[in-house]
Amino acid sequence: MSRAAGRTRAAAGRAPAGGRAAAWSALARRALPRTLRARLIAGLLVLLAVTCTGVGLATTTALDRFLVTRLDQQLADAGGRYAASLEHPLGGRPDEGSDTRAQADGTFGARLAGGRVTRCGVVDADADDLRGGNADDTVTLTAGDRRTLAALSPDGRARTVRLSALGPYRMRAVPGEDGDVLVTGLPLEPVEQTVHRQAAVEAVVFCVALVAAGSAGAVWVRLSLRPLRRVADTAQRVSELPLASGRVALSERAPDADPRTEVGRVGAALNRMLGHVEDSLGQRHAVEERLRAFAADASHELRTPVATVRGHAELALRHPGPVPAGVSRALERIQSESLRMGAIVDDLLLLARLDAGRPLAREQVDLTLLAVDCAADARAAGPGRRWRLELPEEPVTVAGDEHRLRQVVGNLLANARAHTPEGTTVTLRLDPPAAADGTVVLTVTDDGPGLPPGLGDAVFDRFVRGDRARSRTSGSTGLGLAIVRAVVTAHGGGVAVESRPGRTVFRVVLPGGPPAPQPPRLTHWGEPKAAVEGHPHG
């Protein structure tokens with residue numbers, strides 16, 4: 001097998017482990033508490049559990065050492081008398097027999113001679129005698145047990161030894177009078193039982209303490225975080241206010257603003273921020289009201305002089321006498337520009353009325369017939385493009401203003417005609433009402449070059465143009481799509497655009513029922529937006 005194949009198999013073998021590690025990591029992140037209250041309570045319980053565990057370990061360790069020390073002291077007091085009594089029975093040494101009977105229940109004794117166990121026994125208090133004598137008769141020691149006893153150093157130090165037949169013992173070996181080694185041991189089982197019982201009691205007590213502390217801590221943390229929750233509720237209510245619709249009064253304030261607390265400082269900062277936002281919104285609203293009023297007044301005032309200029313230019317062009325060619329061309333330019341200015345004034349006046357919330361007409365409009373008329377007008381105005389019309393079998397009607405809806409469709413088709421080359425296919429499609437809510441969707445699709453990158457929904461803003469020099473060669477004012485959005489919004493609908501090279505789709509959605517009144521949309525009328533190079537669609 002090649003090295004490359006081996007590396008491939010090794011990588012394949014490591015991949016599942018890495019995937020499992022990532023899965024476990026994601027599971028651990030999801031299992032961690034997310035809210036601040038849950039984290040505080042979890043942290044409190046973890047710290048308390050660590051503290052209880054440390055206290056439990058310290059107390060059980062201290063108790064174990066204390067009991068083992070007492071056991072070692074008992075071994076030292078007993079010496080090797082019991083082990084010696086195994087070599088000298090009661091019949092020969094009565095004083096030693098008395099010492100043997102005085103030993104604690106379970107005391108182990110053994111005599112080692114020549115590195116091997118010769119005799120051993122265990123005190124049995126119930127028999128009021130000792131089970132001594134031959135090891136085979138009393139205690140069955142394995143070869144490993146015998147080696148363990150033979151390895152004990154006769155230095156008088158207590159050691160823990162585990163025998164297969166007896167369990168854990170604390171044993172002490174001392175030299176005997178006959179050159180032998182006497183081993184005495186006391187069982188560790190009572191010590192271990194006491195330590196285990198102490199650990200069980202502590203575990204129960206600590207569990208009860210954790211439950212009680214967790215419950216009390218949850219109540220305390222909840223009460224402590226109540227000011228922060230009020231601040232968060234205030235921020236939530238402010239975020240739900242319709243600030244974009246013209247409302248500038250921000251009456252919401254955080255109730256906790258005590259600078260001596262952390263939450264109070266947050267609440268005070270939030271209140272100051274809300275005050276600044278309220279002042280800024282009030283100033284912006286006032287400025288936009290003045291700009292809106294100025295636009296409406298200027299549009300009204302300009303209509304008469306523009307019409308007068310156009311009338312005089314038409315009158316001069318009808319002069320029966322000879323007119324120099326240069327003067328005739330100048331009069332024609334004055335007439336065309338006055339017509340253009342009149343269209344701009346009408347568009348500005350319409351937008352000002354829509355911004356002011358002027359109600360539109362409410363009547364049943366046949367969108368099917370309206371689409372047929374607008375498509376015919378577009379075909380006549382742009383014969384160099386391929387115009388397609390897709391309509392449902394049944395007529396589609398909506399409630400609204402027929403004149404303004406006709407203006408919406410006409411502006412979308414004019415926009416496609418103005419910003420696509422000849423030979424482009426433009427499709428006007430009208431879908432039947434949706435079964436769920438009765439909404440009607442009208443789309444205008446072209447296979448032209450598409451919108452320039454980064455433009456997106458900005459095409460619906462006012463005075464957005466593709467020519468940075470603001471050239472008038474294309475005839476675009478930058479208000480056509482702004483009127484589309486304003487009219488559709490006034491009807492309670494929405495408009496959106498999707499574009500990529502070779503496909504641009506403008507989608508208009510209108511409600512099936514009567515149009516809902518819409519609040520005026522605040523829009524800056526001051527400086528026009530920066531132009532965008534390329535395909536403006538505006």
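## Thr 425 in strand E10

Thr 425 lies in strand E10, which covers residues 425-430. The model described here is predicted. Thr 425 has a relative accessibility of 15% and therefore counts as buried, the cut-off being under 20%.

The side chain of Thr 425 makes a polar contact of 2.9 Å with the side chain of Arg 386. Residues up to four places away in sequence aside, Thr 425 touches Arg 386, Arg 388, Thr 445, Asp 446 and Asp 447.

## Helix H12

Helix H12 comprises 17 residues, 402-418. From first to last C-alpha the helix reaches 24 Å, close to the 24 Å expected at 1.5 Å a residue.

The buried residues of H12 include Leu 405, Val 408, Val 409, Leu 412, Leu 413 and Ala 416.

## Nonpolar cores

The largest nonpolar core has 45 residues, of which Leu 367, Leu 412, Leu 413, Leu 428 and Val 459 touch the most other members. Two or more residues each come from helices H10 (325-355), H11 (367-381), H12 and H13 (480-490), and from strands E10, E11 (440-446), E12 (494-500) and E13 (503-510).

Leu 412 is in contact with Val 444, Leu 481, Val 484, Phe 506 and Val 508, with neighbours within four places in sequence left out. A second, separate core of 16 residues includes Phe 108, Val 139, Met 171 and Val 183.

Note on methods
Residues numbered from 1 in each chain as written. Predicted model: local features only at pLDDT ≥ 70, side-chain atom pairs only at ≥ 80, totals over all residues. Heavy atoms only, no water. Helix = DSSP H or I, 4+ residues; strand = E, 2+ residues; numbered from the N terminus. Buried < 20%, exposed > 50% of the residue type's maximum accessible area, 1.4 Å probe, protein only. Polar contact = N/O pair within 3.5 Å; in protein donor to acceptor, adjacent residues only side chain to side chain. Contact = heavy atoms within 4.5 Å. Expected span 1.5 Å × (residues − 1). Core = buried A, V, L, I, M, F, W, Y, C linked by side-chain atoms within 4.5 Å.
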